[in-house]
Amino acid sequence: MARRRRGNSINGWLAVDKPLEITSSTVVNQVRRLLDAAKAGHGGTLDPLASGVLPIAFGEATKTVAYVMDGSKSYRVTLKFGEARSTDDAEGDVIETSDHRPSADEIKAVLNEFIGEIQQVPPKFSAIKVNGKRAYDLARRDEDVVLKPRPILIKDLRLVDMPDRDHAVFDVVSGKGAYMRSLARDIALRLGTVGYIAGLRRTSAGPFSEGDSIRLQDLLEMDPEEVLKKMLPVETALDDIPALALTEVEAQRLSSGQSVGLLPVAKRSALENPVVQDEIVCAMLNDRAVALAEISGGEIRPVRVFNL
């Protein structure tokens with residue numbers, strides 16, 4: 001029996017502008033089929049009710065997804081006052097109402113309380129696991145879901161518009177694991193009312209921004225060769241990691257799983273800040289990533305090798 005073809009070997013990133021009412025996985029599958037790519041994944045889920053920047057990794061770039069997931073993300077968040085929803089977004093059932101509507105001054109007065117490292121309880125309809133089961137599966141079966149607060153980082157939070165008394169629009173910059181639905185819910189509660197997230201758009205994810213992104217519909221109408229020309233390199237996700245310049249010989253050693261000495265490489269790379277023990281670095285040959293490596297005992301030791 002003939003062996004099934006696995007698809008094209010494609011390496012790199014595409015930043016897609018995800019539309020509403022479609023899952024992140026569906027977007028990945030549509031683009032992967034367009035390119036007949038062997039392997040693809042995304043750099044952070046967006047709910048169907050959210051739009052915006054969805055970075056898609058192909059081939060060897062999937063080895064760098066964690067660095068996008070761990071990076072900062074920016075959002076435009078629309079909070080609707082007066083109703084609490086079971087899902088903390090427009091999909092859920094109304095579970096509580098309030099006639100109180102805060103003013104812009106009242107909102108601005110409490111925002112500093114939500115900036116920095118704060119404790120946040122995730123939405124009951126989330127992918128958090130409770131006793132080995134997804135919270136949203138338990139919630140859909142009307143089972144009691146108790147989620148514990150956990151630390152998250154909000155780097156910036158600003159009120160940018162109040163189009164009417166029922167809505168407030170915020171720009172948010174967050175760290176890993178922050179739920180915008182929970183943030184909207186908690187801001188409303190702090191203001192003596194209830195609310196839910198009525199609109200959500202991600203404007204950046206790690207190094208990827210709206211300016212890098214291509215609308216999904218435009219992408220699907222393009223010739224695959226034109227799409228490939230817009231592919232960003234694997235190294236795009238590693239902008240915040242120190243880069244060390246290798247020689248051909250050193251690159252070959254790392255690619256084969258062997259360590260190389262740190263001192264000559266560090267001198268050649270002329271880093272502004274010295275690399276430190278146990279730090280992860282990106283080992284480069286010219287403009288190409290060779291490996292993610294760890295500094296240990298005066299050596300550069302490969303952790304993830306890129307087969308580019």
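1. In this predicted model, E294 has R301 of strand β19 as its bridge partner. Strand β19 covers residues 299–305 and pairs with β18 in the antiparallel sense, over six bridges. Two residues separate the strands in this hairpin, where G297 adopts a positive phi near 60°.

2. On the β17 side, β18 is likewise antiparallel: six bridges join it to strand β17 (residues 280–285). Here the bridge partner of M284 is A289. The hairpin of β17 and β18 also has two residues between the strands, and N286 takes a positive phi near 60°. Strand β18 itself (residues 288–296) is mostly covered, with seven of its nine residues buried.

3. The structure contains 15 salt bridges. One of them pairs R181 with D47, with the closest N and O atoms 3.7 Å apart. Because R181 belongs to helix α5 (residues 180–190) and D47 to the loop between β2 and β3, the pair ties together parts that are 134 residues apart in sequence. R181 is buried at 9% relative accessibility, whereas D47 is partly exposed at 31%.

4. K176 and D70 form a further salt bridge, the closest N and O atoms being 3.1 Å apart. K176 sits in the loop between β11 and α5, and D70 in the loop between α2 and β4, so this contact ties together parts 106 residues apart in sequence. K176 is exposed, with a relative accessible area of 55%; D70 is partly exposed, at 45%.

5. E113 and R190 meet through their side chains in a salt bridge of 2.8 Å, N to O. E113 lies in the loop between α3 and β7 and R190 in helix α5, 77 residues apart.

Note on methods: Residues are numbered from 1 along each chain as its sequence is written. This is a predicted model: local features need pLDDT of at least 70, side-chain atom pairs count only at pLDDT 80 or more; totals for chains, interfaces and linings use all residues. Side-chain values use heavy atoms; hydrogens and water are left out. Buried means under 20% relative accessible area, exposed over 50%, partly exposed in between (1.4 Å probe, protein chains only). Helices (H or I, at least four residues) and strands (E, at least two) are DSSP runs, numbered from the N terminus. Two strands pair if DSSP finds at least two bridges between them. A salt bridge is a side-chain nitrogen of Lys or Arg within 4 Å of a carboxyl oxygen of Asp or Glu.
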